[in-house]
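Me: I have a model open on my screen and would like to learn how to read it. Could you walk me through its features, one at a time?

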Amino acid sequence: MLDVNYIRGHADLVKEGMKNKGEKNIDQVDELLKTDRQWRSLVQKTDELRNESNTKAKEIGQLMGQGKKEEAQEIIEHTSKLKEQIKDLEEDLNNLKEKRDELLLRIPNVPHESVPVGQTEDDNEVFKTWGDPATDDWRKPHWDLAEEQGWIDFDRGSKVTGAGFPFYLGPIAKLQRALINYFINKATENGYTEIQAPYFINEDSARGTGQIPDKEDMMYVIPRDELFAIPTAEVPVTNFHRDEIIDPDNLPIYYVAYTPCWRREAGSYGKDVRGLNRLHQFDKVELVKMVHPDTAFDELETLREYAESLLEELDLPYRTLLMCTGDMGFTQSKKYDLEVWSPGQQRWLEVSSCSNFGSFQARRMQLRYRNENGNTEILHTLNGSGLALPRVVAAILEAYQQEDGSIAVPEVLQPFMDSQKLG
RNA sequence: GGAGAGAUGGCUGAGCGGUCGAAAGCGCUCCCCUGCUAAGGGAGUAUACCCUUUAACAGGGUAUCGAGGGUUCGAAUCCCUCUCUCUCCGCCA
């Protein structure tokens, strides 16, 4: 959520940002400002009446204390009318406030000036390419490899749960465990605090990070207990400090969390969902940062570089995209995507998304710090995958397959696998 | 799941219908005194929003004593609902 004060002063910038993000209801800004004006004038009126009522109530208290009951009674008659007026006004006030907040929640974050303006994924900027994407065509796609060996069982996953919930067996299960360990160890060596988070979240948390109201269809719901299965560790971990005021000495805060992630992925089809490309449940190691506003964009660069270093150490060719305004989503002000090269499929697969949300998430969740002057200020939040497992597994299977049909284990994972070969 | 107790400011903890945004203590900040690793004195010390005003400060008002609703001229105090915490029993990795 944006700062209303900011919108009041920069309505044009907000509208332009919405237009660039491909939002349709740009009129909402004007509607918001109108509602905000109405709300404020009513606040003023209501506060005045409340003031009068409070003053009279105190007088009554004093008169009662002095035993002047009759004088008190006169004032009581007057103030009981006041009370009704206040009640009416409060009802309007609540309605306006609700409408204002509702509109405010539906206005997206403004893209940073360094973000390229564009409409679709074709307008994303290739920020960087690393390694040599192998275009020789003898390599098999990972689903052939894994099913030949009986390492991933999609069919039994479908039987037991449904499509997109595979079983991983033997060497692949171990490989995933190795990746998780490698990712978490590396992150903690780089200053991140390891944190294990709940896998279900309540509605307030979903609203805090912006899954509600924008993206609620992406989540699995547990209606009986009014909970959601987490679509990413970002949600519980960022909400960890919700409604808190952080001591500036403790900034910046870095967390690394491994969790499964659940996403409904409604509307996906075809090659996008083949094999491990897109699942309803997958494992991910997530990085979350809470930082001083002045450092947020520098922190985004170090976050990106850190995520990139993981792919480099795994020796997997990748490219980094700077997402254009139209492709980056509701809550972000700037976002990079890291895509690993899948030689068996001859295509890029997204394995990390590093975003700066500015104060957008933190304002929703009242996540603040105390600045140099002792005043409270909204923190800035960032997060990035480091990394999402299944597509990394897919890339490893494909890129590390040898001519003799065996699959090598990336060097950095060998200590965790006690082996140089899979299987 | 059953029975009971509770939720107050950074912390401890009073208040149980009026002068309470809230005693006291601790902690923290500033000042004074004193002077050697201590003690004493004073002042300040929640958050959000609205208005006025400012370069910044500041001032006025409103709301908030777990959350929401109710009673009342007036609620931290009374009533209802919910959430959470603790104790005991049951169940369980």
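Reply: Happy to! Keep in mind that this is a predicted model. Let us begin with the RNA: of the 22 residues around RNA strand B, the ones that come nearest are Arg50, Ile60, Arg368, Arg370 and Thr376.

Me: Which elements supply at least two residues each of the surface near RNA strand B?

Reply: Helix H3, helix H4 (69-105) and strand E14 (368-370) do. The most comes from H3, which gives 12 residues.

Me: And how does that surface divide by class, into nonpolar, polar and charged residues?

Reply: There are 8 charged residues, alongside 7 polar and 7 nonpolar ones.

Me: Turning to the RNA side, what share of the atoms of RNA strand B within 4 Å of the protein belongs to sugar or phosphate?

Reply: That share is 74%, and the rest of these atoms belong to bases. You can look at some individual contacts too. Arginine 8 has a polar side-chain atom 3.1 Å from a phosphate oxygen of RNA strand B. Arginine 50 places a polar side-chain atom 2.8 Å from a sugar or linking oxygen instead.

Me: Now the strands. How should I read a sheet?

Reply: The general idea is that strands of a sheet pair through backbone hydrogen bonds, either parallel or antiparallel. Here, 8 strands form an open sheet with mixed pairing, in the order E1-E11-E12-E13-E16-E10-E9-E4. At its edges are strand E1 (125-130) and strand E4 (193-194), each pairing on one side only.

Me: In what sense do strand E13 and strand E16 pair, and over how many bridges?

Reply: E13 (residues 347-358) and E16 (residues 380-388) pair in the antiparallel sense, over 4 bridges.

Me: Which helix lies across E13 and E16?

Reply: That is helix H10 (residues 296-313), which runs at about 5° to E16. The strands it lies across also include E1, strand E9 (253-262) and strand E10 (281-291).

Me: Last topic: which residues of helix H2 are buried, and what do they pack against?

Reply: In H2 (residues 11-20), the buried residues are Ala11, Val14, Gly17, Met18 and Asn20. They pack against helix H1 (4-9) and helix H3 (28-65). After H2 comes glycine 22, with a positive phi near 80°.

How values were computed
Residues numbered from 1 in each chain as written. Chains lettered and ligands numbered in written order. Predicted model: local features only at pLDDT ≥ 70, side-chain atom pairs only at ≥ 80, totals over all residues. Heavy atoms only, no water. Pairing = 2+ DSSP bridges. Contact = heavy atoms within 4.5 Å. Axes fitted to C-alpha atoms, helices over the stretch in contact; angles between N-to-C directions. Buried < 20%, exposed > 50% of the residue type's maximum accessible area, 1.4 Å probe, protein only. Near = heavy atom within 4 Å. Polar contact = N/O pair within 3.5 Å; in protein donor to acceptor, adjacent residues only side chain to side chain. Nonpolar A, V, L, I, M, F, W, Y, C, P; charged D, E, K, R; others polar.
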